[in-house]
Amino acid sequence: VSPQRGADASTDVTEDVESFRLRAREWIRANLRTVPPEATVGTLRNDRTDEEELAGVARNREVQRMLFDAGLAGICFPREYGGQGLTPAHQRAFNEEVVGYEYPSRFQAPTLSPCAAVILDFGTEEQKQRHIPAILKGEELWMQFLSEPSGGSDVAGALTSAVQEGDDWVLNGSKVWTTGAWWSDWGLCLARTNWDVPKHRGLTVFMLPIRQEGVDVHRIEMLNGSKEFCQEFLTDVRVPDSDRIGDIDGGWAVGTRWMFHERMLYNSPLVTVPTGSSHGGLDAATLVKVARDTGRLETPEASELIGEARTLELVKERLNERLGRGMMAGKLSDQAAAIGRLFHGVSASRISTIAFELAGSIGAAWSDEDGAAKHAGEDFLMRQASSIGGGTTEIARNVISERVLGMPRERAMDRDIPFRDVPRGAPTRS
Amino acid sequence: MLLTPTADQEVLRATTARFLDDRMSVDVVRSLRDDPTGYPADYWTQGAELGWAALLVSEDNGGGTVSGFAVQDLSLIAHEFGTHAAPGPLVPVNVVARALDASGSAGHLEVLGELLSGSATAAWCYGEAAPHDRLGDIEVSIRGDGSDLVIDGVKRPVEGGADAAYLLVTGRSGAGLSQVLIRSDAPGVTVRRLSSADLTRRFAEITFDQVRVPADAVVETRIDPADQVARQLHLALALHAAESVGAMQRAFDMTQAWAADRYSFGRALASYQAIKHRFADMASWLEGGHAISDAAITAIDADAPETDELVHAAAAFIGDYGTELLQECVQLHGGIGVTFEHDLHLFLRRVTVNRASYGTPAQHRRKVGELNTQRRDTA
């Protein structure tokens, strides 16, 4: 029986990958519930009540704590902050062993990365001690207060303002596209602290509790009825200067790294992604069920479509693996993570279209008896979410061409002028 | 191509790259357009000295891998064949060499020696004439007649078939498959040269009319003949994948340089966002191609259970996106891209021919689909 290892375990010898794997396997089988593969499939499906969602959050917190107590939380986080101080190979082993079992999915993105990753990169010692162990123990769920209603891709064009008053900052503005802010604890917030310099030079990053006076969380209803996405309205929210991350007006250095972690997500050694996971999109196994439930499993057309989807899925997996290894070995630029992001978006779109094709007329009108095919219509309506969320594929294409391939940069009309003079469109949501 | 080759693998790759730089510049490749064999005889024997035919053969039989991962090693040579659009029967010779190495009979080892030295080449007679040209469709018969075997039927396209001294013929024998190694000048064998989309790679149609061979022509290995044929197919497809990725890489690099140098309306082509985004898409296909090709190759070396799926997925993806990438490169070059004078077509030809050899992308997709529906419909 493996000894229980807490955060303060002081083993000097690094555990080798195979004994770690066996320890993880034994613990997972003894402590975690198995989950059917369908539980993780589908893009933002509207298939849970609020009560079910909150129960899921509570169970995630509990499992995160169990992992922490078992010495399995934060596999690649430093030991001094409650992590295991192990290697990406250990995390990969865990990803393989956890397939088919529950895991604290809501703690992965954006809590462990980008948020905890950014705190590790830029936080003071005190900030790291305060938040990283709390995150690894399941006590803090984080949200990215990054996108704004005025524009999703132009992140550095943030309009949320932070004004210094004594030892505090006072924040006003609005953030959007936070998944599950209504049950989360902390926000990592990019705000404008200087309007008289060009846009990238007047930003600062703050940490703030979400459940407080002045933070108003509204849930946005997506076209399929899902209400997981939120918008926050910040009104005179006071943040102590000790909760600032990085330098005053130095927020873009933080933001650049932040978005790197976001694009890295499925390659990041800081998060758990069960091997073969479709990252919330559809997978070939689901398409087989759609074909089965529509009675066309044996047809050559279905085989060809399923084969196409499976091919894209395999290429995506192997591509992510290659990019991760290449970046780790210094063979590929860190910006190459955008290649994985682009491929994920484009292939997920195609796979969703294939599911819709296989579903036939059930895609137009369905009943509860239509099995896996009954989701195809609404999944198809939500298809583009995989090319939008986490940074659009258009931005990924800019990053690939400019930062990976070194092609000329787009001309920026807002580069060298004070941000207050940059032309802005009319507000859309506010 | 492997992201992190071992030092020995890198020496192997670089040696072949230098040799091809020296012997097979694009001008030389062009000049071989009407050469019947597609390459000078000493080119192949010198290549054999660099290990082109030896990597998959056991040390006992005169070969050897440099890293312990023989197909990985060979994939680096295939990659360089792609980046140079180099001629030579790399795939058929290695498929046959590996089969003869596994057979190990005295007669077969003698032939293997000739392949290793490059003094002779061999061709694999696998695919058949339409409408029997679908993946896995075998109509050629190899039937027993007394102590002899008799081969009947037509194989095409056979790479290197017109210039090979030996033919490995895959045929149907009763309920199963069987393979025999014969001399290409055996009575009853007729060879007809075919035209090809490739400039230097030569293909033939080979007709077997009551070709009678002794029983020891059978190439028997320790595994079931159908599995042996599947392994040969995996090897051929994976090497084509590695080669096509080499050609994709070369075309991509050429086109990126072109876009930087070419000015329209007072600015470099590379500065237009519409064009940059197409390069980003191509970069994702290219890196995806590298990744899935290496995955297939590594699976073969490991004899991994997912080999069948990975190899056909690699063939499907690289078949589709390899030709798509090359055609995009042509489009971005404009008119010059469809001229003989420009080098781009050398690489377009290579991915085009590979895409249509040993099955088509649609057939490979269907195969991947069948593997998944068979595996999962009971789940």
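This is a predicted model: local features need pLDDT of at least 70, side-chain atom pairs count only at pLDDT 80 or more; totals for chains, interfaces and linings use all residues.
I take a salt bridge as a side-chain nitrogen of Lys or Arg within 4 Å of a carboxyl oxygen of Asp or Glu. A:Glu394 is partly exposed at 42% relative accessible area, while A:Arg397 is buried at 13%. My cut-offs: buried is under 20% relative accessible area, exposed over 50%, partly exposed in between (1.4 Å probe, protein chains only).

Next I checked chain B. B:Arg193 and B:Asp163 meet in a salt bridge at 3.1 Å, N to O. B:Arg193 sits in strand β6 (residues 189–194) and B:Asp163 in the loop between β3 (148–159) and β4 (166–173), so the pair ties together parts 30 residues apart in sequence. B:Arg193 is partly exposed at 44%, and B:Asp163 is partly exposed at 27%.

Back to chain A. A:Glu97 pairs with A:Arg21 in a salt bridge, closest N and O atoms 3.1 Å apart. A:Glu97 is in helix α3 (residues 88–97) and A:Arg21 in helix α1 (residues 17–31), 76 residues apart. Both are buried. Shared partners join A:Glu18, A:Arg21, A:Arg25, A:Glu96 and A:Glu97 into one network.

My search of the whole structure gave 58 salt bridges over all chains.

Local features need pLDDT of at least 70, side-chain atom pairs count only at pLDDT 80 or more, and totals for chains, interfaces and linings use all residues; side-chain values use heavy atoms, without hydrogens and water. Residues are numbered from 1 along each chain as its sequence is written, with chains lettered from A and ligands numbered from 1 in the order in which they are written.

Note on methods
Helices (H or I, at least four residues) and strands (E, at least two) are DSSP runs, numbered from the N terminus.
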